[in-house]
Structures are given as structure tokens and as C-alpha cells.
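Here is a short report for a reader meeting this structure for the first time. Please look over the sequence and the model before reading on.

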Amino acid sequence: MRYLYDVKLWDKIETVVEVLIFISLMIAGVIKLVHNDFLQALFYVILAWVISPWSGIDRVKKRYVLVTVYFLGLFVGYFH
């Protein structure tokens with residue numbers, strides 16, 4: 001059970017999850033762009049930029065921004 005305390009392992013797992021979410025948000029943005037919904041496509045692309053490991057945003061700030069933007073998206077009705 002020592003692997004549960006391995007910080008490097010958790011950092012790698014978080015990076016993999018960030019990349020997977022980045023890819024899925026970019027795909028969602030392209031799909032919305034095809035359906036001529038430019039504002040929602042822009043919303044997904046901005047979320048993808050924030051979540052990407054290459055954005056340079058600190059992970060703690062990134063989590064707060066993503067949670068805030070997620071609730072904003074729920075309020076606007078982007079997530080059905």
C-alpha cells in the first residue's frame with residue numbers, strides 16, 4: 001500500500017487525466033463548431049486550454065477555475 005503515498009505516481013496520474021480531459025474537450029469543441037454553436041465551442045476550447053498541462057497554470061488554481069467554469073456552464077445550460 002506504499003504506492004498510495006507516492007506523490008510522483010499521483011502527479012503522473014493527474015497529468016494523464018488532464019491530457020484525456022483536454023482531448024475530450026477539444027473533440028467536444030469541434031463537434032459544437034460543426035453544429036454552428038460558436039459560443040459553446042469557444043467555451044469548450046477555453047476549458048481545454050485551462051486543463052491542458054501546457055497552460056502553465058498552477059494545479060490548485062486550475063482546479064478552482066475549472067470548478068467555477070463548470071458551474072457557470074451548468075447555469076448557462078451547456079451541460080445537459
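## The model and its helices

This is a predicted model. H1 covers residues 7-34. H2 covers 38-51. H3 covers residues 59-76. Each pairing of these helices is taken in turn below.

## H1 against H2

How do H1 and H2 lie relative to each other? Their axes are 8 Å apart, and the packing angle is about 165°. An angle over 145 degrees counts as roughly antiparallel, so H1 and H2 are roughly antiparallel to each other. Their crossing is left-handed.

H1 brings Glu18, Ile21, Phe22, Leu25, Met26, Ala28, Gly29, Lys32 and Leu33 to this contact. H2 answers with Phe38, Gln40, Ala41, Tyr44, Leu47, Ala48 and Ile51. By class, the contact has 12 nonpolar, 2 polar and 2 charged residues.

## H2 against H3

H2 and H3 also form a packed pair, at an angle of about 165°. Their axes are 10 Å apart. The angle makes H2 roughly antiparallel to H3. Here too the crossing is left-handed.

Which residues make the contact? From H2 come Phe43, Leu47, Val50 and Ile51. From H3 come Lys62, Val65, Leu66, Val69 and Gly73. The class count is 7 nonpolar, 1 polar and 1 charged. Leu47 and Ile51 of H2 are listed in the contact with H3, and both are also listed in the contact with H1.

## H1 against H3

The axes of H1 and H3 come within 14 Å. They cross at roughly 40°. The crossing is left-handed.

Asp11, Glu14, Thr15 and Glu18 stand on the H1 side of the contact. Arg59, Lys62 and Arg63 stand on the H3 side. What classes of residue are present? The contact has no nonpolar residues, 1 polar and 6 charged. Glu18 is listed here, and Glu18 is also part of the H1 contact with H2. Lys62 is listed here, and Lys62 also takes part in the H3 contact with H2.

Arg59 is found in helix H3. Its relative accessibility is 24%, so Arg59 counts as partly exposed. Leaving out residues up to four places away in sequence, Arg59 touches Asp11, Glu14, Thr15 and Glu18. Arg59 and Glu14 are 45 residues apart along the chain. Their C-alpha atoms are separated by 9.6 Å.

Gln40 sits in helix H2. Is Gln40 buried or exposed? Its relative accessibility is 4%, so Gln40 counts as buried. With residues up to four places away in sequence not counted, Gln40 touches Lys32 and Tyr78. Lys32 is one of the H1 residues in the contact with H2.

Where is Asn36 found? Asn36 lies in the loop between H1 and H2. Its relative accessibility is 57%, so Asn36 counts as exposed. Phi of Asn36 is near 60°, a positive value in a residue other than glycine. Most residues other than glycine have a negative phi.

Tyr70 has its place in helix H3. With a relative accessible area of 40%, Tyr70 is partly exposed. Tyr70 and Asn36 are 34 residues apart along the chain. Their C-alpha atoms are separated by 21 Å.

## Aromatic rings

How many aromatic pairs does the structure hold? The structure holds 3 aromatic pairs. One of them is formed by Phe43 and Tyr44. The ring centres of Phe43 and Tyr44 are 5.9 Å apart, and the planes stand at 65°. Planes over 60 degrees apart count as edge-to-face, so this pair is edge-to-face.

Phe43 and Tyr44 are both buried.

Notes
Residues numbered from 1 in each chain as written. Predicted model: local features only at pLDDT ≥ 70, side-chain atom pairs only at ≥ 80, totals over all residues. Heavy atoms only, no water. Phe/Tyr/Trp six-rings, centres within 6.5 Å; stacked < 30°, edge-to-face > 60°. Buried < 20%, exposed > 50% of the residue type's maximum accessible area, 1.4 Å probe, protein only. Axes fitted to C-alpha atoms, helices over the stretch in contact; angles between N-to-C directions. Helix = DSSP H or I, 4+ residues; strand = E, 2+ residues; numbered from the N terminus. Left-handed = near helix turned anticlockwise from the far one by under 90°. Contact = heavy atoms within 4.5 Å. Nonpolar A, V, L, I, M, F, W, Y, C, P; charged D, E, K, R; others polar. Parallel < 35°, antiparallel > 145°, perpendicular 65-115°, else oblique.
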